[in-house]
Amino acid sequence: LIDRAGIVGADGATHHGIFDLAYLLPIPNMTVLAPMDATELEKAIATAYKAEYPVAVRYPRGEAEKSTYQTDDDFLHTRLLKKGTDVAVISVGDIGLDVEKAISLLDDTKKNKVAHFDLRIVKPLDESTLKRIFSSFPKIITVENGITTGGAGENITAWATKHGYHSADIKNMGVGDFFPSFGSIEQIKEQCGISVQDINTAIKCSLEKV
């Protein structure tokens, strides 16, 4: 169980848990789960407990938030949280709650064009769902609370290239190649370009290009 995953805020620049996916994903036979909220965290831990192989479950610092989304016991698959037609947003872990808020700021016409997927299992990737996403959406945005270099978004991008989805327009959002400074979690998300407003802006830019 990996606590304090992602940006930790007031704990300071040395304590951000933004590197775990980059070092876990290359490890053979590793399963990595990233629950989005409190209910999902319970299911992820239950999944790890029953597994007969190594499993890492990452979750953030702070109070666990509840989500209004329905959940299920099949944590080893990516789940569709919201249907859409033009842009697919794939969120990794708790930042999915920010994606939810970012989509809510759109007008109804734009909202209907945006689908939201909760990745849930970062390794191994849910290839059947990814194939449906890359076959159905011209624009894809990945959002994670961790470094982009070697992170989940880059892993998905590499998978898409390997499987021939060369025309897919993919934007990876996450922490860049620097050490985030001291501040509140929201301040640091703004510094890293992954605040609710940043995600909202990225979605709108993608919609304009469709």
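**View 1. Helix α3 across the five-stranded sheet.** In this predicted model, helix α3 (residues 96–104) lies across β3, β4, β5 and β7 (139–147). Its direction is at about 170° to that of β5. Angles run from 0 to 180 degrees between N-to-C directions, and axes are lines fitted to C-alpha atoms, for helices over the stretch in contact. Helices (H or I, at least four residues) and strands (E, at least two) are DSSP runs, numbered from the N terminus. Helix α6 also packs on the sheet, where α6 touches β4, β7 and β8 and makes about 160° with the direction of β8. Contact means heavy atoms within 4.5 Å.

**View 2. The open sheet of five strands.** The strand order is β3-β5-β4-β7-β8, with mixed pairing. Two strands pair if DSSP finds at least two bridges between them. Strands β3 (79–82) and β8 (169–175) form the edges, each pairing on one side only. From one strand to the next, the twist averages 25°. Within this sheet, strand β4 (residues 87–92) and strand β5 (residues 114–118) pair in the parallel sense over five bridges. Opposite Val89 stands His116 in β5.

**View 3. The open sheet of three strands.** Here the order is β2-β1-β6, and the pairing is again mixed. β2 (55–57) and β6 (121–123) each have a single partner strand, so one side of each is left without a neighbour in the sheet. On average, neighbouring strands are turned by 25° against each other, direction ignored. Strand β1 (residues 31–33) runs antiparallel to β6, and two bridges join them. Leu33 has Ile121 in β6 as its bridge partner. Helix α2 (residues 38–50) lies across β1 and β2, at about 165° to β2.

**View 4. The packing of helices α5 and α6.** Helix α5 (residues 127–136) and helix α6 (residues 152–162) meet at an angle of about 75°, with their axes 11 Å apart. The two helices are therefore roughly perpendicular to each other, a term for angles of 65 to 115 degrees. From α5, the contact involves Glu127, Leu130, Lys131 and Phe134; from α6, Ile156, Trp159 and Ala160. These residues divide into five nonpolar, no polar and two charged. Ala, Val, Leu, Ile, Met, Phe, Trp, Tyr, Cys and Pro count as nonpolar, Asp, Glu, Lys and Arg as charged, and the others, Gly among them, as polar.

**Notes.** Residues are numbered from 1 along each chain as its sequence is written, and side-chain values use heavy atoms, with hydrogens and water left out. In this predicted model, local features need pLDDT of at least 70 and side-chain atom pairs count only at pLDDT 80 or more, whereas totals for chains, interfaces and linings use all residues.

Notes
Parallel < 35°, antiparallel > 145°, perpendicular 65-115°, else oblique.
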